[in-house]
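Subject: Structure for you to look at, with notes

Dear colleague,

Here is the structure I promised to pass on, together with my notes on what was found in it. Please read the notes with the structure open beside you.

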Amino acid sequence: MVRLPPRLRPLFPYLKPVYVRLTALAAPAMQQLSIRRGGWLPTGAVDTLEQAAASSGGTCVTAREAEVLTRPRMLGRPSEIQLADTGDGESVARVAVAELPRGRVLGPHRAVITGRGALVHEVSQYFGTTRPREHPLFLNPVPRPPLDVDGRLGVLASRGDSNYYHFLMDVLTRIGVLEQVPQVAPPELWYVPQQRRFQHELLDLFGIAPEHRVDAEEHPHVRAEVLVVPGPPAMTEKNPPWAVQFLRERLLPAASPAAPATPVYVTRGPSANNRSVTNEDALQALLHERGFLSI
């Protein structure tokens, strides 16, 4: 999400790369400062969960092999509207689950760190970054020491998990990933965000009881005896169909409206920072004539 004042939002495409570059330049100095003040920042990085497990005495199991998503081409209405998605297919990397002894999760953006101090880039990549040292966790060289958790702690918390979409697609779908590897023992506790009502409600629907949760907001730095890390189905907003189907199968049985369904239009609200609809007033007027409720 873009959190700039309205007058500065047009500058976002230029400010974001500068911010990312400055973070990468500052990272080495921040690492040295961290070493002198507790050493909680990662001192290295690995690209994949396989490398994370191999370098820290853990294990890694593939849940789903890589695949290519193919969809029919999207058509604009009127037909002369050009859409960026041509439907030619997109590659989705394999999805894996790692067990990392003494693994940690650090910061509000949920960076996963091995017991040897390596940032796991595959599951920690932040929006708009491409290299480990661009991660915003390097801007806080002196985080609080971790909460130590006995036993097995499953990581569901993810970047952007305060957002409803990302909570659905990047957090809850990891349960579906973990269920596809029965050879990995289930965790006793789950590392989840639960400060918002929708997070509580959805976790309840998935059967994760409050007593089995470690609140990621209350404890932004944790270290587990064994950190169980299921990767998300995809690190983009084009998720594989199985992930959507998984959510439908788990959530739709709980939705049984007693009254006839009302069509709903979900707005981005008056404070939308990006991806807003430029003619939303006219659009809503048209939808209201057709019985839609705007939320």
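**Strand E12 and its partners**

Leucine 100 has leucine 227 as its bridge partner in E12. Please keep in mind throughout that this is a predicted model.

Strand E12 covers residues 221-230, and it is mostly covered, since eight of its 10 residues are buried. Strand E5, which spans residues 95-101, is likewise mostly covered, with six of its seven residues buried. E5 and E12 pair in the antiparallel sense over five bridges, and within these strands alanine 98 stands opposite valine 229 in E12. E5 also pairs with strand E2 (residues 59-64), again in the antiparallel sense and over five bridges; here threonine 62 stands opposite alanine 96 in E5.

E6 is joined to E12 by three bridges, and the two run antiparallel, with arginine 104 standing opposite arginine 223 in E12. E9, by contrast, runs parallel to E12 and is joined to it by six bridges, and leucine 153 is the residue that stands opposite leucine 227 in E12.

**Valine 222**

With a relative accessibility of 0%, valine 222 counts as buried. If its neighbours within four places in sequence are left aside, valine 222 is in contact with Gly103, Arg104, Val105, Pro146, Leu147, Leu153, Tyr191 and Val214. Valine 222 and arginine 110 are 112 residues apart in sequence, while their C-alpha atoms are 10.0 Å apart in space.

**Salt bridges**

How many salt bridges does a search of the whole structure find? The search finds 12, and I describe some of them below.

Arginine 110, mentioned above, forms a salt bridge with aspartate 161, and the closest N and O atoms of the pair are 2.9 Å apart. Aspartate 161 lies in the loop between strand E9 (147-155) and helix H4 (164-179), whereas arginine 110 lies in the loop between strand E6 (104-106) and strand E7 (111-113), so the pair ties together parts that are 51 residues apart in sequence. Are the two partners buried or exposed? Aspartate 161 counts as buried at 3% relative accessibility, and arginine 110 is buried too, with a relative accessible area of 2%.

A second salt bridge joins the side chains of glutamate 179 and arginine 250, with 2.6 Å from N to O. This pair links distant parts of the chain, as glutamate 179 is in helix H4 and arginine 250 is in helix H6 (residues 241-251), 71 residues apart. Glutamate 179 is partly exposed, with a relative accessible area of 44%, and arginine 250 is also partly exposed, its relative accessible area being 32%.

The side chains of glutamate 134 and arginine 131 meet in another salt bridge, at 3.2 Å from N to O. In this pair glutamate 134 is buried, with a relative accessible area of 8%, whereas arginine 131 is partly exposed, with a relative accessible area of 41%. Finally, Glu50, Arg94 and Glu122 are linked in a network of salt bridges.

**Helices H4 and H5**

Helix H4, which holds glutamate 179, also meets helix H5 (residues 197-205): the axes of H4 and H5 come within 11 Å and cross at roughly 35°, and the crossing is right-handed. On the H4 side the residues that meet H5 are Tyr164, Phe167, Leu168 and Leu172, and on the H5 side they are Phe198, Gln199, Leu202 and Leu203. By class, this contact of H4 with H5 has seven nonpolar residues, one polar residue and no charged residues.

With best wishes

Note on methods: Residues are numbered from 1 along each chain as its sequence is written. This is a predicted model: local features need pLDDT of at least 70, side-chain atom pairs count only at pLDDT 80 or more; totals for chains, interfaces and linings use all residues. Side-chain values use heavy atoms; hydrogens and water are left out. A salt bridge is a side-chain nitrogen of Lys or Arg within 4 Å of a carboxyl oxygen of Asp or Glu. Helices (H or I, at least four residues) and strands (E, at least two) are DSSP runs, numbered from the N terminus. Buried means under 20% relative accessible area, exposed over 50%, partly exposed in between (1.4 Å probe, protein chains only). Axes are lines fitted to C-alpha atoms, for helices over the stretch in contact, and angles run from 0 to 180 degrees between N-to-C directions. A crossing is left-handed if the near helix is turned anticlockwise from the far one by less than a right angle, and right-handed if clockwise. Contact means heavy atoms within 4.5 Å. Ala, Val, Leu, Ile, Met, Phe, Trp, Tyr, Cys and Pro count as nonpolar, Asp, Glu, Lys and Arg as charged, and the others, Gly among them, as polar. Two strands pair if DSSP finds at least two bridges between them.
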